[in-house]
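Reader: Please take me through one part of this model, the place where the ligand sits. I would like a close look at what is around it.

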Amino acid sequence: KITKADKAMGKLESQKRFKGDEDRRVGSEIFDKSTLETLYKLGKQGYLDLLNGAISTGKEANVLKGLDDDGSFIAVKIYRITTSDFKKMQYYIQGDPRFKISSNNKRQLVHAWVNKEFRNLKRLYEAKVNVPKPIAALNNVLLIEFIGDEDGDPAQPTKNKAPLNPEDFFQKLLFEWKNFIFQGKLIHGDLSTYNILNYKEYPVIIDVSQAVVLDHIIAPELLKRDITNLTKEFKHLGLDIDEDYVKDAINF
Ligand code: ADP
Ligand code: MN
């Protein structure tokens, strides 16, 4: 039987919206039967009408652009079960009181991982941190607010789009990061200029699947890593800072 998601994919391919190699790779790799079913269900629930293009192909997930029923863009993050790093997922999930994972079923672990990203985003969004608004999570698919312009051009990671004024951008980032930690009560754990979008010269923090609650046993280690990485990256962008400065700036 042909589902709406199948049709959407057919439409995509026939309309040749998938132009680059990246796009073609996405088309063949991620739409296994169960992912198509999940996309179809999200369509039926009114969250997603059509997929129309790839934004990013990462190690574990693909991010696509979609349209919702109102014709607004949304970001569709699809985790591939086969290439997921289960060891990493287990490491971050265990010890998080919000998740009781007893099984070592890989598919279930990925589903919990997606659910974790959704819940982290929700918590951060409610704490008024500048993150994409979470829309829905089902199985290995996460729907979130699309960050980009009205024409559908996605915001670029700060890694690829250096801020015009790095000092100013870093101060805004510190403000968001403090809220992330003290209002959202989470440690990101993979904070880098790859996971900070530069949207009209304001930082939007993304990719929060691995973020852990403050009292998680690995929280201190993750925070230290975030501080080290961001210090290095913003020094590289021309700031005169060191780790102690950053630690102080976020009140740690
Ligand atoms: P991963 O790094 O695990 O592949 P991310 O969540 O970091 O997944 O997303 C990968 C890339 O997709 C980002 O670097 C960004 O370019 C793009 N992206 C992710 N979320 C959005 C969004 N909400 N709006 C626009 N682009 C996004
Ligand atoms: Mn990322």
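The ligand site

Author: In this predicted model, 18 residues surround ligand 1, the closest being Lys-77, Glu-145, Ile-147, Asn-195 and Asp-207; a residue counts if one of its heavy atoms lies within 4 Å. The model is predicted, and local features need pLDDT of at least 70, side-chain atom pairs 80 or more, while totals for chains, interfaces and linings use all residues. Residues are numbered from 1 along each chain as written, chains are lettered from A and ligands numbered from 1 in written order, and side-chain values use heavy atoms, without hydrogens and water.

By class, the shell has 12 nonpolar, three polar and three charged residues (Ala, Val, Leu, Ile, Met, Phe, Trp, Tyr, Cys and Pro are nonpolar; Asp, Glu, Lys and Arg charged; the others, Gly among them, polar). Domain 1 (4-145) and domain 2 (156-249) both give residues to this shell, so ligand 1 lies between them; the bounds come from an automatic or database domain assignment.

An oxygen atom of ligand 1 is 2.8 Å from a side-chain N or O atom of Lys-77. Another oxygen contact, at 2.9 Å, involves a polar side-chain atom of Asp-207.

Methods: A polar contact is a pair of N or O atoms within 3.5 Å; within protein, one must be able to donate a hydrogen and the other to accept it, and residues adjacent in sequence count only if both atoms are side-chain atoms.
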